[in-house]
Structures are given as C-alpha cells and as structure tokens.
Amino acid sequence: MLAAVLPATRLVVLYGGRSAEHDVSCVSARHVVDGLDPRRYHVHPIGITRDGTWVDCRRLVADADPSTGALPSPDLAPPADRMAAVGLTGMLADAAHVVAFPMVHGPSGEDGTLQGLLEMSGVPYVGAGVLASALCMHKAAAKDVLGFHGVPQTPWLSVRGPEITDEVLDDVAARLGPVVFVKPANMGSSIGITRAVGPDALAAAVIEASRFDVELVFEQAVEGREIEVAVIGNDVPEVSVPGEIVSPSGFYDYDEKYVSDRARLLVPAPLSDEEIERLGKLVRDAYRALRVEGMARVDCFLDRRGRFLVNEVNTIPGFTPISMFPRLWQASGLPTTELLDRLVALALDRHARRKTSGRPLTIPGRGTSSA
C-alpha cells in the first residue's frame with residue numbers, strides 16, 4: 001500500500017535548469033502546477049536559472065499570465081528572490097510533509113545530480129533515483145545495461161568526440177548502414193540529434209551533436225513504427241496503453257515535439273492484443289533493468305519484422321499539453337490530477353522504505369535474516 005498524501009503536503013516543483021531544455025521544463029512545470037489538486041498541496045515553485053542560480057519563484061509565478069502555457073523562466077526573477085542551493089536544501093529539510101517534484105529536463109536535472117542533492121537533504125522526491133537517473137540520461141550507459149540484460153535494441157555504437165576520424169566514420173557507415181541517427185550521449189528532447197544520410201551528412205551530424213556532449217551515440221535507423229509507453233511504479237511497474245508517433249519527416253525532432261503540429265499522435269496505438277502483451281513485457285524489463293522507480297516514458301520501435309526494440313527510457317518525461325506521458329495515462333483511465341497524486345505517493349513510499357533499509361529482512365516461511 002502506498003504512503004498517504006497528507007492535505008498539508010508542501011510540493012516543491014523544481015524547474016528551469018542549465019540545459020538546452022530549459023524552456024521545455026518551464027512548459028512542463030506549468031502543467032504540473034495546474035494539474036495539482038490545490039486542496040491537497042501547498043505548491044512552491046523553485047526555479048534554476050540558465051547560469052545555475054536557485055530562485056524562489058512564488059512571486060514570479062503568482063504575477064505571471066497563466067495563459068502563456070509556461071511558468072516564467074527563473075531567469076526573470078528579481079535579485080531579491082535568488083538564493084543559494086544550501087538555502088534551498090535547508091528549507092526543504094526543515095519543512096514538515098514536504099515532497100520535491102523535479103521537472104528539470106536534461107543534464108543537471110535528469111541525470112542524478114539534482115536527485116543526489118535531494119537524497120543528501122533527506123527530502124522525498126518524485127521520479128527515479130540517482131543511479132537510474134544517471135543511467136537513463138547517458139544513452140550509451142543505458143544501452144550497455146539493456147544489452148547485458150538481453151533487452152533488444154537497434155544496432156548502435158558510441159565514440160568520444162576527440163576520437164572521431166574519417167576512418168571511424170567510415171566504420172560507422174559500414175556497420176550501421178547509410179542512414180544513421182547521431183546523438184549526444186547526454187541530452188533529451190531530441191536536441192542535438194540528426195538523421196544523417198550519407199557521409200557528408202554524417203560528418204555534419206557529428207559536429208552538431210558535439211555541441212552538447214563529448215560522447216556521441218550512433219544508431220542504425222529503423223524502418224518501422226515508433227511506439228511509446230508510460231510507466232509508473234516502484235517495485236511493481238504499471239504500464240499505460242501504448243501510443244504511436246507518426247512523423248511526416250521520419251524523425252520526431254524538437255520542432256515536431258514542441259513547436260509544430262505536423263506529427264500525429266495515435267492514442268491508443270493500433271496494435272493487436274498479442275503485440276500489446278509483448279510490448280508491455282519489454283517495457284517492464286527495461287524499466288527494471290535500469291533500476292527505475294517512480295515514472296518513465298519508454299520509447300520503442302516496432303520494426304518491419306514485427307520485433308519491438310527499446311530506443312530510450314526517459315525518467316522525467318515531458319508534461320506539456322501534447323506530451324505522450326500524461327496523454328497515455330489519461331487514455332488508460334488515470335487523469336492528470338490522479339496521476340500526480342500517484343507519483344507523490346510513490347515518492348513518499350520509496351522514501352519511507354529507504355529510511356528503514358538495513359533492518360532485518362523477513363522472508364515468508366524462512367523467518368528473519370540475521371545482520
């Protein structure tokens with residue numbers, strides 16, 4: 001049974017951040033704040049500016065026009081509302097019934113660094129822990145772990161930028177084919193990703209991805225369908241109905257995700273019962289292999305041979321109005337307000353269990369383990 005969410009819970013929504021996903025985070029945070037039940041939570045928005053300064057954004061958000069569809073960037077906060085991270089953690093640790101809700105996409109928010117700060121402060125927080133966050137943010141590391149566990153993926157390679165030569169690119173093309181996706185290892189929202197066709201495009205894609213990370217991931221392009229599934233849970237992951245992305249360009253990039261309406265999102269995805277069952281098992285396997293708790297969106301491919309392949313696991317999925325994560329749960333019978341309640345309850349449950357870690361374990365039929 002999940003921990004109860006107390007009516008007086010202070011929910012600290014963390015947003016903004018130093019990554020290229022700063023603006024997306026502001027949009028996601030707006031819809032998290034709007035989706036929370038005001039009878040159950042005292043919402044306290046705290047932002048991180050693009051230069052890494054922490055900001056108490058209560059006044060900034062209160063004065064903002066909600067019709068803009070995004071919380072105002074913390075960059076706009078007056079100097080009086082800026083504070084040091086140590087002040088934030090002290091405030092969180094001293095408050096009763098406080099839960100943090102990280103909505104900081106990308107590096108320094110989704111990669112375990114922010115989660116580590118909250119762990120050290122003893123504050124319960126929504127979403128994956130330090131290890132899972134770091135693994136899932138680093139695409140090459142995540143693929144290594146999934147490969148070890150036998151989770152099927154598209155063929156891929158990773159290379160550090162300084163090691164890339166013409167010979168290396170020739171090898172990439174020879175091993176992965178003429179169409180290759182080039183990605184920075186640490187980034188989200190399709191930022192820095194290029195669908196490269198041919199050697200000249202491959203070299204240009206490397207230059208683009210290198211703007212965001214020193215390690216790059218090369219993936220063989222998959223001919224097939226792009227399917228996404230939302231997951232919540234700690235020990236027992238629950239999966240949503242699947243959704244399908246139909247991209248007219250063949251690449252669901254940043255513009256199609258957040259700017260234009262060119263891509264079609266099919267919810268639920270037109271799949272057979274047998275395909276849904278196979279997909280659900282694959283998604284749960286990936287979630288467990290990467291030690292994810294709380295929530296994730298698992299992005300997959302369905303290739304021409306009928307195989308499901310895991311592409312990426314995102315531990316702080318977008319919460320914008322067109323984002324798949326809340327839409328998939330809505331279609332699964334879990335409205336956003338109830339979804340947010342579940343996520344907070346999962347955070348409290350995990351926090352309570354960790355506080356009791358180290359105590360003797362009782363195994364049914366075998367008694368209590370010794371220290």
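The following legends describe close-up views of a predicted model.

**Figure 1. Overview of the chain.** In this predicted model, the secondary structure comes to twelve helices and 17 strands. The chain has 371 residues, of which 52% count as buried. Among contacts between residues at least 6 apart in sequence, 69% join residues at least 24 apart.

**Figure 2. The open sheet of five strands.** The strands of this sheet follow the order β4-β3-β2-β1-β5, and their pairing is mixed. Strands β4 (82–83) and β5 are the edge strands, each pairing on one side only. Between β1 and β5 the pairing is parallel and extends over five bridges. Within this pairing, leucine 11 has valine 99 in β5 as its bridge partner. In general, strands of a sheet pair through backbone hydrogen bonds, either parallel or antiparallel.

**Figure 3. Strand β9 and its two antiparallel partners.** Strand β9 covers residues 215–220, and five of its six residues are buried, so the strand is largely enclosed by the rest of the structure. Strand β6 (residues 156–160) runs antiparallel to β9 and is joined to it by five bridges. Here serine 158 stands opposite valine 217 of β9. Strand β7 (residues 179–184) likewise runs antiparallel to β9, and five bridges join the two. In this second pairing, phenylalanine 181 has glutamate 219 in β9 as its bridge partner.

**Figure 4. The nonpolar cores.** In soluble globular proteins, nonpolar side chains tend to be buried together. The largest nonpolar core of this model has 39 residues. Phe101, Ile232, Met295, Phe319 and Leu343 are the residues with the most contacts inside this core. Several elements each supply at least two of its residues, among them β1 (9–16), α1 (22–35), β5 (98–102), β10 (224–233) and α12 (336–355). Helix α12 provides the largest share, namely seven residues.

Figure 5. A pair of aromatic rings is described by the distance of the centres and the angle of the planes. Two aromatic pairs are found in a search of the whole structure. Phenylalanine 101 and phenylalanine 319 form an edge-to-face pair, with 6.3 Å from centre to centre and 85° between the planes. This pair links distant parts of the chain, since phenylalanine 101 lies in strand β5 and phenylalanine 319 in the loop between β15 (308–314) and α11, 218 residues apart. Phenylalanine 319 and phenylalanine 325 form a tilted pair, with 5.5 Å from centre to centre and 55° between the planes. Phenylalanine 101 and phenylalanine 319 are buried, and phenylalanine 325 is buried as well. Through these ring pairs, Phe101, Phe319 and Phe325 are linked into a cluster.

**Figure 6. A charge over an aromatic ring.** The residues shown are arginine 350 and tyrosine 125. The charged end of arginine 350 sits over the ring of tyrosine 125, at 4.5 Å from the centre of that ring.

Methods: Residues numbered from 1 in each chain as written. Predicted model: local features only at pLDDT ≥ 70, side-chain atom pairs only at ≥ 80, totals over all residues. Heavy atoms only, no water. Buried < 20%, exposed > 50% of the residue type's maximum accessible area, 1.4 Å probe, protein only. Helix = DSSP H or I, 4+ residues; strand = E, 2+ residues; numbered from the N terminus. Pairing = 2+ DSSP bridges. Core = buried A, V, L, I, M, F, W, Y, C linked by side-chain atoms within 4.5 Å. Phe/Tyr/Trp six-rings, centres within 6.5 Å; stacked < 30°, edge-to-face > 60°. Lys NZ or Arg CZ within 6 Å of the ring centre and 35° of its normal. Contact = heavy atoms within 4.5 Å.
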